[in-house]
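Trainee: I am meeting this model for the first time, and I would like to go through it with you carefully. Could we take one question at a time?

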Amino acid sequence: MKSSRAKVLHEIAGRSMIEHALVAVAGAGVHTTVAVVGHDRDQVSAAIAAYDPSIVLAVQEEQNGTGHAVHVALESLDSPPEGTVLVTYGDVPLLTSQTLSELLVDHRAAERTVTILTAEVDDPTGYGRIVRDADGAVTAIREHRDASPEELALHEINSGILVVDAEFLRNAVASLESGNAQGELYLTDIVGKAVAEGRPVGAHVLQDVWQTEGVNDRAQLARLGRELNRRLTRHWMAEGVTIVDPATTWIDVDVTLAQDVTVLPGTQLLGATSVAEGATIGPDTTLRNVEVGTGATVVRTHGSDAVIGADATVGPYAYLRPGAELGDSGKIGTFVEVKNSVIGAGAKVPHLTYVGDAEIGEGANIGAGTIFANYDGVHKNRTTIGRHAKTSSNNTFVAPVSVGDGAFTGAGATIREDVPPGALAVSAGSQRNIEGWVGKKRPGSSSDHAARTANADKNNLEAPGE
C-alpha cells in the first residue's frame, strides 16, 4: 500500500478491511476468534482490541506461511480447539457472513474433514489451483509457483478460506514441511494429507467471485470499494430509497435509510448516518454520523455528528459541526456554520452566520451576518437566545450572554449584557450625516459627479415657480 498505515486498516465503505473480516466471522456464529498479527502488529492489534477486546491476539514473529500462521493461532489458545475451525483472511472485505455460514453448513452436512471455499475465475494467475481426480473429488491445492503446466490451466481457484476438523488440523499443521518454491509452510498442504489418510475432502464453490478477492494495493482497494458501494446502493434502492445517480452516491455499510428517502447526485452518507422517511439529501452533500428526521431537506451541506429534526431545512452551503442540533421545522440556511449548539423547533438561522456554543429557543429568528463570539481566548462560553426572540442583522453576541424570550435586538448591535424578556437591545449611537464629505474628500470622482448631479436635480425640483 506504500503507507504508514497497515494494509488491513485501510477502509472501504466506512470500515477497515480487518473490521469487515471480523464482522463476517462474528455473523457466522464463531465461538472463539483468534487474529494472527505480524507486520505492523501494534497498529493492527490496537484496532482489533478496539473492535472486540475478547478476540485472542496471536503474534507471528516470523512470517513463515499460512500453515505457520494457523499453528501460531492454535498455540495461542489456553486449550486445543474442538469441533470445527474456520480459517479466513483480513484482506477480503467483500466476504459476507452468509457465505461463511453456508460454507459451515455444507461442511457439516457432508461430514467432511476439510471443505475449501473455491471459485471459478477467468484469470486464475497467482491463485492456488483446485486439483480434482477423474471423479471430480478434490485431491490437492497446488500453489501457482508449484503448479505444473496442466495444473496452471485449471480455472477453479483456492480462496484461502476453508473449514477443517479441529483435531485433524492440529495434527496436520504440526507435520507441515516447507519443501516448496517459497520455502514456507503452506496450510493448503493439509488437503493432500487428508486425502492420503482417506478423509473426506470437498469444495464449496462460490458463484460470487468478488467475495474471494483480496487487496494488495490502492487500486484494488478502490476497485472493491466501487463494487461494494454498487451493492449498497442497489440494496437501498430495493428497500424503497430513490438514488438518482448511484455512480456519484457513496454510502457506508453502517448507514440506515428509510423508505421514500431521496438521495440526489454527489452525496456521501458516511459512518452511522441515519435518514428518516421522506427526507431529501443532496445534491453535493456529505454527512457523517448525522441523524436526519422525517421529511427534512439537506442541500449542499457538510455535516458530522449532528442532529436534524423532522421537516427541517439545511443549506445550501451549510456546515454542521459536532454537537449541532436543529429542532423540528427549524432552518439552517446559506453559509451558516453551527457547532455544539441547539437550535429549537421552528427557529431559523437563515444566512451568513456563525453559531457556536449556543442555545436558540423555539421560534427564534437570527438575522443575517450574526456572530456568536464564544471564545475569550481561554474558555468557550455559551449564549442563550430565548423563545421567539428576533435578532437583527450584523449582531455580535459576546458570550456568556442571554437574550430573553420575545426580546429584540437592533441592527449592528454588539450584545455584551443580558437582554430581559420583551426588551429591545441596541448598542449603536445616533446616526450623523456629514454633508459634502464626498466633494471635499473625493473631488472629481464618479461618486462626486453622481452626488452633484443628484443635488442639482433636487434643487431644480425645489425651485419655486419652475
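Trainee: In which loop is D91 found?
Mentor: This is a predicted model, in which local features need pLDDT of at least 70 and side-chain atom pairs count only at pLDDT 80 or more, while totals for chains, interfaces and linings use all residues. Residues are numbered from 1 along each chain as its sequence is written, and side-chain values use heavy atoms, with hydrogens and water left out. Helices (H or I, at least four residues) and strands (E, at least two) are DSSP runs numbered from the N terminus. On that numbering, D91 is found in the loop between β5 (84-87) and α4 (97-110).

Trainee: Which residue does UniProt list with D91 under "binding site"?
Mentor: UniProt positions are given in the numbering used here, with feature names shortened, and the annotations may be inferred rather than shown by experiment. The "binding site" feature, from an unreviewed entry, is placed by UniProt at D91 and N216.

Trainee: How far apart are the atoms in the polar contact between the side chains of N216 and K7?
Mentor: N216 is found in the loop between β10 (201-205) and α8 (218-238), and its relative accessible area of 52% is why this residue counts as exposed. Apart from neighbours within four places in sequence, N216 is in contact with M1, K7 and D91. For the side chains of N216 and K7, the polar contact is 3.0 Å.

Trainee: At roughly what angle do the axes of α1 and α4 cross?
Mentor: Axes are lines fitted to C-alpha atoms, for helices over the stretch in contact, and the angles run from 0 to 180 degrees between N-to-C directions. Residues V23, A24, V25 and G27 in α1 meet S97, L100 and S101 in α4. The axes of helix α1 (residues 17-27) and α4 come within 8 Å, and they cross at roughly 45°.

Trainee: Which word describes how α1 is set relative to α4?
Mentor: Angles under 35 degrees count as roughly parallel, over 145 as roughly antiparallel, 65 to 115 as roughly perpendicular, and the rest as oblique. The axes of the two helices cross at roughly 45°. That makes the setting of α1 relative to α4 oblique.

Trainee: Is the crossing of α3 and α6 left-handed or right-handed?
Mentor: Helix α3 (residues 66-75) and helix α6 (residues 166-174) pack at an angle of about 125°, with their axes 10 Å apart. Their contact is made by G67, V70, H71 and L74 of α3 and by L169, R170 and V173 of α6. A crossing is left-handed if the near helix is turned anticlockwise from the far one by less than a right angle, and right-handed if clockwise. The crossing of α3 and α6 is left-handed.

Trainee: In which strand is the residue that UniProt lists for "active site"?
Mentor: UniProt, in an unreviewed entry, lists H351 for this feature, and at 36% relative accessibility H351 counts as partly exposed. Not counting residues up to four places away in sequence, H351 touches T334, F335, V336, G367, A368 and G369. The place of H351 is in strand β28 (residues 348-356).

Notes
Buried means under 20% relative accessible area, exposed over 50%, partly exposed in between (1.4 Å probe, protein chains only). Contact means heavy atoms within 4.5 Å. A polar contact is a pair of N or O atoms within 3.5 Å; within protein, one must be able to donate a hydrogen and the other to accept it, and residues adjacent in sequence count only if both atoms are side-chain atoms.
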